[in-house]
Amino acid sequence: YFVTMLETAVISVVRGLPWTGLLVAFALGELYCLVLDFCLAPPATFAALVELELRMRAPGALWKRLYDHTGTRFEMSSREAALIASKVGQSDSALHHIRTLALTDLKFEVTPADIEWSVDGEEA
């Protein structure tokens with residue numbers, strides 16, 4: 001934000017139009033903030049659409065629970081764990097904030113250290 005405003009202001013001062021440059025710098029800075037605000041926190045209607053879609057697609061609201069979850073431990077049934085595994089697979093980008101999965105029906109907890117992924121049928 002500051003760099004965008006500073007760059008525009010410096011260019012306008014060098015060209016001899018300081019007041020116009022400051023006005024344009026302010027406008028660009030506000031536009032930058034507006035775009036960043038939209039990217040980091042979507043409008044309420046968009047967030048509501050995402051939540052509605054998650055509720056409609058998931059029996060038992062699994063994806064909605066996962067979307068709302070902020071802790072490092074997540075409880076689910078083994079059936080739900082199999083559903084997530086089938087959708088997510090071995091992706092490194094999935095579920096970074098969850099460190100422990102508690103399988104409630106099996107009374108079992110899984111951590112990343114407990115899992116050995118195989119690549120092309122070979123043990124890791």
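Predicted model: local features only at pLDDT ≥ 70, side-chain atom pairs only at ≥ 80, totals over all residues.
Let's begin with Met 76, which is found in strand 1. Residues are numbered from 1 along each chain as its sequence is written, and side-chain values use heavy atoms, with hydrogens and water left out.

So, is Met 76 buried or exposed? At 3% relative accessibility, Met 76 counts as buried. Buried means under 20% relative accessible area, exposed means over 50%, and partly exposed is in between, with a 1.4 Å probe and protein chains only.

Which residues does Met 76 touch? Not counting residues up to four places away in sequence, Met 76 touches Arg 65, Ala 81, Ile 84, Leu 101, Ala 102, Leu 103 and Thr 104. Contact here means heavy atoms within 4.5 Å.

Now look along the rest of strand 1. Strand 1 pairs with strand 2 in the parallel sense, over 4 bridges, and Met 76 stands opposite Leu 103 in strand 2. For two strands to count as paired, DSSP has to find at least two bridges between them.

Strand 2 also holds Thr 100. Thr 100 counts as buried, at 16% relative accessibility. Leaving aside neighbours within four places in sequence, Thr 100 is in contact with Thr 72, Arg 73, Phe 74, Glu 109, Val 110 and Thr 111.

The largest nonpolar core has 9 residues: Leu 62, Leu 66, Phe 74, Met 76, Ala 81, Ile 84, Ile 98, Leu 103 and Val 110. The elements giving two or more residues to this core are helix 4 (62-68), strand 1 (73-76) and helix 5 (78-88). A nonpolar core is a set of buried Ala, Val, Leu, Ile, Met, Phe, Trp, Tyr and Cys residues joined through side-chain atoms within 4.5 Å. In soluble globular proteins, nonpolar side chains tend to be buried together.

Helix 2 covers residues 18-40, and at 1.5 Å a residue its 23 residues should span 33 Å; the end C-alpha atoms are 32 Å apart, which agrees. The expected span is 1.5 Å times one less than the number of residues. Within helix 2, Gly 21, Ala 25 and Gly 29 are buried. An α-helix has 3.6 residues a turn, so residues three or four places apart point the same way.

What covers the buried residues of helix 2? The cover includes helix 1 (2-15). Thr 8 lies in helix 1 and is buried, with a relative accessible area of 16%. Setting aside neighbours within four places in sequence, Thr 8 is in contact with Gly 21, Val 24, Ala 25 and Leu 28.

How many disulfides does a search of the whole structure find? The search finds 0 disulfides, where a disulfide is a pair of cysteine sulfur atoms within 2.5 Å. Cys 33 counts as partly exposed at 32% relative accessibility, and Cys 39 counts as exposed at 57%.

One more residue deserves a look: Lys 107, in the loop between strand 2 (100-103) and strand 3 (108-110). Its phi is near 50 degrees, a positive value in a residue other than glycine. Most residues other than glycine have a negative phi, and most peptide bonds are trans. Lys 107 is exposed, with a relative accessible area of 79%.

Finally, let's step back to the whole protein. There are 5 helices and 5 strands, running α-α-α-α-β-α-β-β-β-β from the N terminus on. Of the 124 residues in the protein, buried residues make up 18%. Among contacts between residues at least 6 apart in sequence, 43% join residues at least 24 apart.
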